[in-house]
Amino acid sequence: MKTTTRQIRTDVLVVGAGIAGLQASLDLADQGRSVVLVEKRPSIGGAMINLSKVFPTLDCASCITTPRMASVAHHPNIQLFTLTELRSVEKTTDRFRAQMVKKPRFIDESKCIGCKRCEEACTVYLPDEFEHGLGARKAISIPFTNAIPQYPVLDEENCLLCGSCARACPTECIDFLQEPEEIEVDAGAVIMTTGFDLTPIDVKPHYGGGGFPNVLSPLQMERLLAPHGPYGGVMRPSDGRTPDSIAYVQCAGSRDKSIGVPYCSRVCCMYAIKQAMLLSGSLPIADITIYYMDIRAFGKGYEQFYQNAKAMGINFVKAKVARIREDENHNLFLRIERQDDGSGPQEVQHDLVVLSLGMVPAWIPSRDGIVPLEADSDGFVRLPSAKLRPNLTTMDGVFAAGAATGPKDIVDAITDAGAAAMAASNYLARLAGSRVVTAGAVR
Amino acid sequence: MRSADDLKILIITTMISSYPGANTVGQARLQYSPGTYIIRVPDPVLFPEDFYLRCFRKGMDGIIVMSSGSDCPYEGAYQRLSARIGRVYERMKAQGISSSRLKLTTVCTVCKAAFLKEIRDMQEAILADDGERPTLAVQAA
Amino acid sequence: MTEASISPTQDDGAVGGSPPRDGVRVGVYVCHCGGNISDVVDTAAVAEALAHHPDVAVSRDYVFMCSDPGQNLIVEDIQAGRVNRVVVAACSPTLHETTFRKALERAGLNPYLYEHVNIREQTSWVHKGDHERATRKAIRLTAAGVEKVAQQEELHSIAVEVTHHVAVIGGGVAGMTAALATADQGIGVTLIEAADCLGGRMQELNTVYPTDDKAADLVRDLEGRVTAHAKIEILLAARVTEMDGHVGKFRIAVQLADRSIREIRAGAVIFATGFDHYQPIEGELGHGTTPAVVTLPEFQNVLREAMPAEGGFTYDGRVVRSVAFIHCVGSRQIEGIHAPQPDGKVNDYCSRVCCTATLHAVKQLQDRFPEVLVYDLHKDIRTYGRGHEDLYELASRRGTLFFRFPDEEPPTVNVQDGKILVTTKDILTWGEELAIPADMVVLATGMMPRDISDLIAMRKLPVGADRFLQEVHPKLRPVEMANNGILLAGACQGPMDINEACAAAQTAAVKAAILLAKPVIELDPFVAEVNQDLCDGCELCLAECEYDGALTMVDVTANGVTARRAVVTPALCVGCGACAAVCPTRAINVAGWTLDQFDAMVDAIVAEDVASLATSERRRKSYKPLSVAVKS
């Protein structure tokens with residue numbers, strides 16, 4: 001493999017460009033600190049840019065995330081690397097040496113104008129990751145509408161090398177021979193904002209093990225609810241029918257030792273309530289039922305949001321869902337045991353079911369891992385002095401924030417990221433003995 | 001009778017919401033009438049009532065104000081805008097301009113369908129209103 | 001790269017419009033975007049049409065304006081003195097507005113003398129089937145851009161000098177954490193505490209969940225670091241009596257214990273005023289009438305003093321064999337069921353920490369007195385945080401009996417023959433009415449904001465329906481207030497536990513550090529400005545302004561005549577333009593977005609012919625208001 005190597009010196013390396021990483025980067029860069037922000041996916045924005053609306057304000061997620069993404073992309077103190085993987089971080093005396101590999105997009109970014117002609121010309125359709133498989137994308141495509149940067153990525157594994165894209169490109173920027181690039185970062189501090197994954201939808205075989213088309217993950221429902229979603233509305237994936245009856249199964253991936261996720265994922269109650277509200281707006285005659293153990297609407301304005309949902313007619317039923325089966329028309333039957341009346345075990349039918357999956361760490365640290373941190377029993381980054389210093393890890397100079405240190409909603413992740421930026425900045429100030437402004441404007 | 005494409009519709013968009021929303025429509029290559037002119041502002045609350053009336057007098061056939069609604073970053077601006085548009089309606093009525101030629105709505109950064117629908121609705125409203133430009137009885141003071 | 005294609009000629013290759021007037025020489029650059037625009041819009045025709053605009057000095061079209069050669073066209077035209085204002089008609093400004101503003105700067109021109117016209121996302125990509133109309137639209141939009149930039153003045157970011165000091169109000173865990181984090185940046189901090197010691201509510205706790213650290217150790221650690229910090233000045237028994245100014249330069253008067261007044265000047269202010277415990281109304285669930293009914297904070301004191309003794313856990317001289325904990329006392333209240341607070345409102349919010357705090361108290365109790373039987377009466381158990389669920393599980397394992405009461409039917413506490421009976425409906429047994437005998441009852445009381453109405457009034461701080469201080473955006477800007485430079489740390493903003501308060505405090509500190517990172521804060525220039533010659537002092541604008549202090553009336557003397565005029569404080573103005581809309585004389589405008597510019601843009605859009613448009617100078621003189629608003 002032929003590679004080129006670049007070397008960059010920076011104050012802070014931020015790993016992961018979801019909302020926590022974006023916020024930590026901005027809060028450092030706005031202080032005058034230089035930041036290298038690395039993201040393994042082709043766009044920044046993380047999970048948040050994938051959502052329809054956010055609770056409890058019901059702001060459009062894209063509308064409030066995009067400006068923040070743009071601020072990061074345009075910030076003079078932030079160097080952004082997307083489609084780039086962190087390979088290792090080792091501590092030298094007072095600093096960190098990080099090895100990263102920028103994977104090829106197979107386009108010349110300096111020439112690309114984001115016109116999508118390559119995408120139009122491409123003849124290969126593939127499941128769209130941004131739509132969680134509910135839509136299609138091309139083998140060369142810009143990852144999603146408001147992706148930053150607005151460059152397409154050529155899917156090496158699925159490209160037929162037919163050359164249509166290269167012929168369609170007005171700037172001749174397609175480069176089938178592009179090589180990965182090795183980048184070495186010399187950083188004063190590191191912030192891990194590696195985020196979360198959903199608990200896998202197939203983790204519970206008695207909920208269909210991911211095999212029922214009308215049993216959705218919450219992120220699939222986010223896409224169906226988004227104004228720019230794959231179907232242009234909420235429909236059943238199996239037959240395109242508008243569902244009349246939708247159920248949410250809470251704690252479908254949390255508070256369950258049997259799947260190794262004994263903890264509460266914090267956000268599932270609220271996203272289920274939010275989606276239920278949005279559904280009752282777009283499908284006014286549909287019945288929406290939330291089967292739950294406890295409703296954990298603990299944040300600012302959340303309880304009021306929950307009470308509004310009840311007043312809107314969303315059914316909250318305290319019940320355990322034992323299993324889900326489907327008939328030949330992919331209608332779903334939930335075996336439930338209500339805990340709030342004496343009606344005993346029963347089977348109820350719904351057209352569409354959302355499993356309220358929980359959060360698991362996207363990156364589980366280990367002492368011999370990419371960054372030698374420790375994990376707690378829950379797999380998230382261990383915080384040895386969590387109470388007063390919620391961002392300190394087991395390694396001096398490495399900080400963590402957002403869902404990397406446990407499930408968090410957006411506002412808690414943003415607050416946590418700001419705290420990590422402050423902690424990292426103070427760590428650097430302490431090392432330097434005094435505060436040094438390294439670069440740029442304050443905005 | 002003019003066609004929908006011959007109309008001149010002014011679309012007032014906000015920097016934070018509806019202007020990027022119009023870009024989203026473009027990125028999706030969704031087509032709409034070229035008789036549409038998009039301008040962007042921090043917030044439409046800055047336009048006086050006169051501005052709308054002058055636009056009609058100058059020959060604008062319709063105006064769609066695409067606000068940020070609840071995403072509006074400015075305190076109280078949406079309420080003020082909405083009240084102001086209410087007063088513009090009264091003045092339009094007094095001057096014999098159909099109120100259907102001015103619409104206050106909310107369009108977000110990814111509201112493709114809503115954006116297109118507002119344009120279609122406005123075209124239909126104008127064409128229903130004789131397809132003629134409004135004539136104003138008002139003179140400069 | 002193709003050559004720059006240039007519309008019909010002059011000597012330098014560019015199209016010459018009418019001779020430029022009053023110094024305005026606009027350069028127009030129409031981008032092909034490699035066919036993305038030019039396949040639909042006749043870009044050469046656009047450049048040609050614009051060349052006839054009276055304010056246009058140079059009009060060109062080019063295959064990729066964003067490329068280096070494209071940008072160089074602009075730079076060269078500016079440096080040769082051909083143009084002093086620039087319009088690029090290309091893609092969306094979100095992509096390349098900054099690119100071209102930088103090109104202007106490189107050429108030595110003020111970057112705001114620039115207008116970006118979107119003829120790709122909002123023209124060529126959306127009118128594919130009608131090249132003629134798309135071209136006409138592009139011409140009109142570009143002409144509108146010319147009209148706007150022709151009237152554009154140079155803009156400069158607003159510099160606000162900054163006092164390199166931060167005031168932190170409140171010396172609890174949030175205030176101390178915020179002070180430390182700020183001071184570690186080398187910024188001076190004054191920490192103002194109303195009590196005569198630091199530590200706040202944390203001093204009431206024995207151990208903290210879920211780590212079981214001793215609260216006193218944590219307080220001592222923080223207090224020690226705060227006290228030792230060279231950059232932190234601590235004012236105890238101190239009360240804020242005045243606060244004015246704005247971001248960069250606040251002035252705060254503090255009354256000290258000896259009644260003397262200290263004046264503090266600060267660039268930013270962090271509120272860490274904390275919370276009060278909900279205080280049950282006399283007789284509520286037996287509190288205040290039955291000695292064995294205590295609140296959770298009172299139970300912390302009981303636990304602290306309870307000594308393992310013969311016969312086990314005793315309280316008030318009696319052996320306690322069973323304790324009933326009742327959740328949501330003073331939280332999640334429902335109108336019509338719970339008695340309202342003095343302001344007429346019930347506490348309809350969740351206090352977030354009490355579920356885990358209750359189960360942690362259960363753990364502390366049973367760690368020492370395992371024989372005590374525990375009942376837990378709740379609506380929901382909200383052990384959401386890391387390690388919290390373990391406390392719930394531990395309580396279950398140790399035999400706590402959980403009962404769930406309906407939202408609308410809270411339990412009651414009665415005394416019969418000297419015995420306490422807690423009566424509740426239990427959802428988990430399908431609505432059965434239960435009477436639970438308990439030797440002691442603990443009420444998990446919620447949080448209410450500390451009464452800081454005096455401080456709130458000083459700066460008109462926004463307060464939510466829950467009476468807590470209100471952040472500017474509950475999702476994206478959780479520690480900033482609408483009042484720029486005033487920041488929130490901890491439970492003054494809403495219920496939170498210690499580590500959440502520490503995170504919020506450090507985030508507030510980072511925002512303060514950002515504001516104070518340079519000797520001047522540079523603010524966007526797009527704020528309202530008043531033309532004093534046009535202002536007639538009618539004050540209509542004042543009523544429109546939502547931002548306290550942004551717009552004020554002052555006496556202005558010019559040519560020996562004194563008159564009241566509107567004045568903008570740029571540091572407080574957000575540039576929404578609500579004021580501009582009501583000014584009968586057009587004295588107020590938002591810089592960069594003036595009404596004259598918009599009028600001119602509309603003229604360009606409705607014009608049949610670009611050449612017929614007036615020059616900017618003529619236009620400026622011709623404005624007459626359509627009607628004059630009448631002051632009521």
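How many residues of chain B are in contact with how many residues of chain C? The legends below start there. This is a predicted model: local features need pLDDT of at least 70, side-chain atom pairs count only at pLDDT 80 or more, and totals for chains, interfaces and linings use all residues. Residues are numbered from 1 along each chain as its sequence is written, while chains are lettered from A and ligands numbered from 1 in the order in which they are written.

**View 1. Chain B touches chain C.** Here 41 residues of chain B are in contact with 44 residues of chain C; two residues are in contact if their C-beta atoms, placed from the backbone, lie within 7 Å. On the chain B side, the elements that give two or more residues are α1 (18–27), β2 (36–41), α2 (49–58) and α3 (77–94) of chain B. Helices (H or I, at least four residues) and strands (E, at least two) are DSSP runs, numbered from the N terminus. Sorted by class, this side of chain B has 25 nonpolar, 6 polar and 10 charged residues. Ala, Val, Leu, Ile, Met, Phe, Trp, Tyr, Cys and Pro count as nonpolar, Asp, Glu, Lys and Arg as charged, and the others, Gly among them, as polar.

**View 2. Chain A touches chain C.** In this view, 59 residues of chain A are in contact with 54 residues of chain C. Two or more residues on the chain A side come from each of α2 (61–74), α7 (302–311) and α8 (410–432) of chain A. Look for α8(A), which gives the most, with 14 residues. The chain A side has 27 nonpolar, 16 polar and 16 charged residues.

**View 3. Chain A has 8 helices and 22 strands.** The radius of gyration of chain A (taken over C-alpha atoms) is 23 Å, close to the 22 Å that the globule rule gives for 443 residues, so chain A is as compact as a globular protein of that length. That rule is 2.2 Å times the number of residues to the power 0.38. Along its principal axes, the C-alpha trace of chain A spans about 65 × 60 × 40 Å.

**View 4. Chain C has 15 helices and 30 strands.** A compact globule of 632 residues would have a radius of gyration near 26 Å, but chain C has 34 Å. Its C-alpha atoms fill a box of roughly 110 × 65 × 50 Å, taken along the principal axes.

**View 5. Helix α5 packs with helix α14 in chain C.** The axes of α5 (residues 131–150) and α14 (residues 595–606) of chain C are 8 Å apart, at an angle of about 155°. Axes are lines fitted to C-alpha atoms, for helices over the stretch in contact, and angles run from 0 to 180 degrees between N-to-C directions. That makes α5(C) roughly antiparallel to α14(C); angles under 35 degrees count as roughly parallel, over 145 as roughly antiparallel, 65 to 115 as roughly perpendicular and the rest as oblique. Residues making the contact include C:Arg140 and C:Glu147 of α5(C), and C:Ala600 and C:Met601 of α14(C).

**View 6. Helix α8 crosses helix α9 in chain C.** The axes of α8 (residues 296–305) and α9 (residues 354–368) of chain C come within 11 Å and cross at roughly 20°. The two helices, α8(C) and α9(C), are therefore roughly parallel to each other. Among the residues that meet are C:Phe299 in α8(C) and C:Ala361 in α9(C). This contact has 7 nonpolar, 2 polar and no charged residues.
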